[in-house]
Amino acid sequence: MTEVLAVAVITVLAVVAPGADFAMVVRGSYLHGRRTGLLAAAGVAAGVLVHVTYTMLGVGLLIASSAFLFTVVKLAGAAYLVYIGVRTFRTRTEVNVDLDEGNGLTPLAALRTGFLTNVLNPKTTLFVVSTFAQVVSPATPALQQVGYGLFMSLTHLLWFGVVAVFFSHDRMRTLMLRGQKVLNKVIGSVLAGLGVSLAFAPSH
């Protein structure tokens with residue numbers, strides 16, 4: 001029971017902590033509408049399952065125990081965050097998508113954006129790997145571990161689904177579209193800053 005409670009608390013705290021996933025879902029929601037935001041949220045949740053899968057297979061523990069592998073994974077994720085951060089920061093043209101015309105991001109593109117953001121998110125890597133390495137016992141049945149992984153994924157889906165609905169609301173979307181140049185600078189700076197801070201963070 002203690003293990004279950006610990007996993008639940010750690011998961012909720014990790015999910016609501018603002019990061020690259022939050023920034024991307026917010027931006028997709030107010031720029032391209034609710035469908036894009038919800039699909040990005042689904043991509044984020046699917047990305048969590050990737051981390052859970054390789055951790056359960058033992059790769060996550062290998063990454064945690066190998067400074068070199070951990071550094072490679074961390075730098076790859078950090079580079080991706082810096083890349084999308086700089087690209088967002090440098091966006092000059094204002095986006096004004098007519099949702100009725102259906103000319104926003106394609107469903108696949110929205111899903112892919114959320115998925116890649118979390119698959120390459122060092123914060124998510126650390127969250128999943130450290131939870132399974134330090135909280136989940138080696139004696140925990142495989143089915144229960146799968147349950148933990150699904151809970152982590154569904155919690156991400158629920159939280160970012162709420163975020164997508166909130167920021168795609170007509171009034172909120174109109175307000176944010178008016179200030180999208182400033183928002184692009186802020187979101188871009190946050191993403192790039194996260195990438196740089198993660199790149200230079202201690203490996204252990």
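Visitor: Is Gln145 buried or exposed?

Guide: This is a predicted model, in which local features need pLDDT of at least 70 and side-chain atom pairs count only at pLDDT 80 or more, while totals for chains, interfaces and linings use all residues. Residues are numbered from 1 along each chain as its sequence is written, and side-chain values use heavy atoms, with hydrogens and water left out. A residue is called buried under 20% relative accessible area, exposed over 50% and partly exposed in between, with a 1.4 Å probe and protein chains only. Because the relative accessibility of Gln145 is 14%, this residue counts as buried.

Visitor: Where does Gln145 sit, and with which residues is Gln145 in contact beyond its neighbours within four places in sequence?

Guide: Helices (H or I, at least four residues) and strands (E, at least two) are DSSP runs, numbered from the N terminus, and Gln145 has its place in helix 8, residues 142–167. Contact means heavy atoms within 4.5 Å. With neighbours within four places in sequence left aside, the contacts of Gln145 are Met56, Phe132, Val136, Ser137 and Thr140.

Visitor: How many helices and strands does the protein chain have, and what percentage of its residues count as buried?

Guide: The pattern along the sequence reads α-α-α-α-α-α-α-α-α-α, which corresponds to 10 helices and 0 strands. Among contacts between residues at least 6 apart in sequence, 88% join residues at least 24 apart. Of the 204 residues in the protein chain, the share that counts as buried is 42%.

Visitor: How are helix 7 and helix 8 oriented to each other?

Guide: Two packed helices are described by the angle between their axes and the distance between the axes. The axes are lines fitted to C-alpha atoms, for helices over the stretch in contact, and angles run from 0 to 180 degrees between N-to-C directions; for helix 7 and helix 8 the angle is about 150° and the axes are 12 Å apart. Angles under 35 degrees count as roughly parallel, over 145 as roughly antiparallel, 65 to 115 as roughly perpendicular and the rest as oblique. Helix 7 and helix 8 are therefore roughly antiparallel.

Visitor: Which residues of helix 8 meet helix 7?

Guide: From helix 7, the contact takes in Phe127, Val128, Thr131 and Phe132. The residues they meet in helix 8 are Gln145, Tyr148, Gly149, Met152 and His156.

Visitor: How does helix 3 lie relative to helix 7?

Guide: The axes of helix 3 (residues 34–56) and helix 7 (residues 122–134) come within 9 Å and cross at roughly 40°. That angle makes helix 3, relative to helix 7, oblique.

Visitor: Is Val128 buried or exposed, and which residues does Val128 contact beyond its neighbours within four places in sequence?

Guide: Val128 is found in helix 7, and at 0% relative accessibility Val128 counts as buried. The C-alpha atoms of Val128 and Tyr54, 74 residues apart along the chain, are separated by 10.0 Å. Leaving aside neighbours within four places in sequence, the contacts of Val128 are His51, Val52, Thr55 and Met152.

Visitor: How does helix 1 lie relative to helix 8?

Guide: The axes of helix 1 (residues 2–16) and helix 8 come within 10 Å and cross at roughly 30°. This crossing angle makes helix 1, relative to helix 8, roughly parallel.

Visitor: What separates the C-alpha atoms of His156 and Asp21?

Guide: His156 is found in helix 8 and is buried, with a relative accessible area of 2%. Beyond its neighbours within four places in sequence, His156 is in contact with residues including Val15, Asp21, Val44 and Phe127. His156 and Asp21 are 135 residues apart along the chain, and the separation of their C-alpha atoms is 9.6 Å.
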